[in-house]
Amino acid sequence: MSQGLANRAVSAKRKRSFLSIEQKLDMIEKHERGYSVTRLAAEFNVGKSTVCDIKRQKDNIRKFLASSDSGALNKRKTIKGSTNTNLDEAVYKWFNQERSVGMPLGGDAIKTAADKFAQKMNIPDFRASEGWLQRFKNRHNIKNRKVCGESLSADTDSVEPFKHKLNDYIITNDLRCFQVYNADETGFNWKCLQNNTLASRLDESVPGRKVNKEKVSAMLCANADGSHRTKSAIVGK
């Protein structure tokens with residue numbers, strides 16, 4: 001074979017592709033709609049044998065899809081789950097229960113819970129290592145997020161009774177929207193700089209400055225239809 005032919009053969013070699021679970025499911029659905037193996041192989045840039053393998057695994061893929069967090073499926077490449085399925089489900093259920101009441105959780109808390117569940121479930125030789133934690137987070141698409149706001153501290157039990165009481169008062173007194181006002185307090189850190197920045201990829205570190213917490217407080221008030229806004233009351237520098 002000449003050098004030119006050899007070069008063309010190498011360049012013509014298909015680049016290996018790895019399909020996500022979502023892509024595999026898309027392939028299965030298209031095959032069931034009548035797409036041929038040849039057409040699917042060309043569309044997804046894989047070999048015909050790969051298409052046939054995915055077809056054979058369609059029941060397992062759908063079962064995995066039904067039991068997984070859909071948010072992570074566009075990145076998952078395999079359907080391999082946890083070695084200890086019952087333990088994984090127990091820890092994830094506990095995690096969701098804790099988060100539903102606003103409990104902030106870190107990796108150490110999850111590992112401690114996993115070790116306790118493993119002990120109760122008589123799973124020998126289990127240890128919630130950093131590797132296990134990372135795989136657990138990947139399986140359930142768990143990411144670090146900044147805790148924002150104070151909504152979980154609100155007295156939600158008083159909201160509905162107050163809404164009904166206010167509505168009855170408005171009806172009884174025949175009030176219009178322009179006669180109903182709402183006021184609330186807010187703060188503004190007027191010297192605070194943003195906490196992120198664009199930086200060159202050559203920068204080894206991105207130094208910052210101490211956060212300045214000087215702020216002013218403002219009382220804002222307006223009526224329900226927005227036709228009148230009172231002058232804001234400002235407290236602070």
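1. Start with α2 and helix α4 (residues 48–56): their axes come within 10 Å and cross at roughly 90°. Axes here are lines fitted to C-alpha atoms, for helices over the stretch in contact, with angles running from 0 to 180 degrees between N-to-C directions. That makes α2 roughly perpendicular to α4, given that 65 to 115 degrees counts as roughly perpendicular, under 35 as roughly parallel, over 145 as roughly antiparallel and the rest as oblique. On the α2 side, the contact (heavy atoms within 4.5 Å) uses Lys24, Met27, Ile28 and His31, and on the α4 side Val51, Ile54 and Lys55. By class, that gives 4 nonpolar, 1 polar and 2 charged residues. For the classes, Ala, Val, Leu, Ile, Met, Phe, Trp, Tyr, Cys and Pro count as nonpolar, Asp, Glu, Lys and Arg as charged, and the others, Gly among them, as polar.

2. A word on the model before going on. It is a predicted one, where local features need pLDDT of at least 70 and side-chain atom pairs count only at pLDDT 80 or more, while totals for chains, interfaces and linings use all residues. Residues are numbered from 1 along each chain as its sequence is written, and side-chain values use heavy atoms, with hydrogens and water left out. Helices (H or I, at least four residues) and strands (E, at least two) are DSSP runs, numbered from the N terminus.

3. Helix α2 (residues 21–32) also meets helix α3 (residues 37–44), with axes that come within 10 Å and cross at roughly 150°. So α2 is roughly antiparallel to α3. The crossing of this pair is right-handed, meaning that the near helix is turned clockwise from the far one by less than a right angle, with anticlockwise for left-handed. From α2 come Gln23, Asp26, Met27, Lys30 and His31, and from α3 Leu40, Glu43 and Phe44.

4. Now look at helix α6 (residues 85–100) and helix α7 (residues 107–120). Their axes come within 10 Å and cross at roughly 135°, and α6 and α7 are therefore oblique to each other. This crossing is right-handed too. Leu87, Ala90, Val91, Trp94 and Phe95 of α6 touch Ala109, Ile110, Ala113, Ala114, Phe117 and Ala118 of α7. The tally for α6 with α7 is 11 nonpolar residues, no polar and no charged.

5. Helix α9 (residues 159–172) is worth a glance for its geometry. Its 14 residues reach 20 Å from first C-alpha to last, close to the 20 Å expected at 1.5 Å a residue; the expected span is 1.5 Å times one less than the number of residues. Following α9 is Asp174, with a positive phi near 50°.

6. Finally, the sheet. It is open, has 3 strands in the order β1-β2-β3, and the pairing is antiparallel. The edge strands, each pairing on one side only, are β1 (181–188) and β3 (233–236). Neighbouring strands are turned by 15° against each other on average, direction ignored.

7. How many bridges join β1 and β2? There are 8, in the antiparallel sense, where two strands pair if DSSP finds at least two bridges between them. Thr186 has Ala218 in β2 as its bridge partner. Strand β2 (residues 216–223) pairs with β3 over 4 bridges, again antiparallel. Here Met219 stands opposite Ala233 in β3, and Ser217 faces Val235 in β3.
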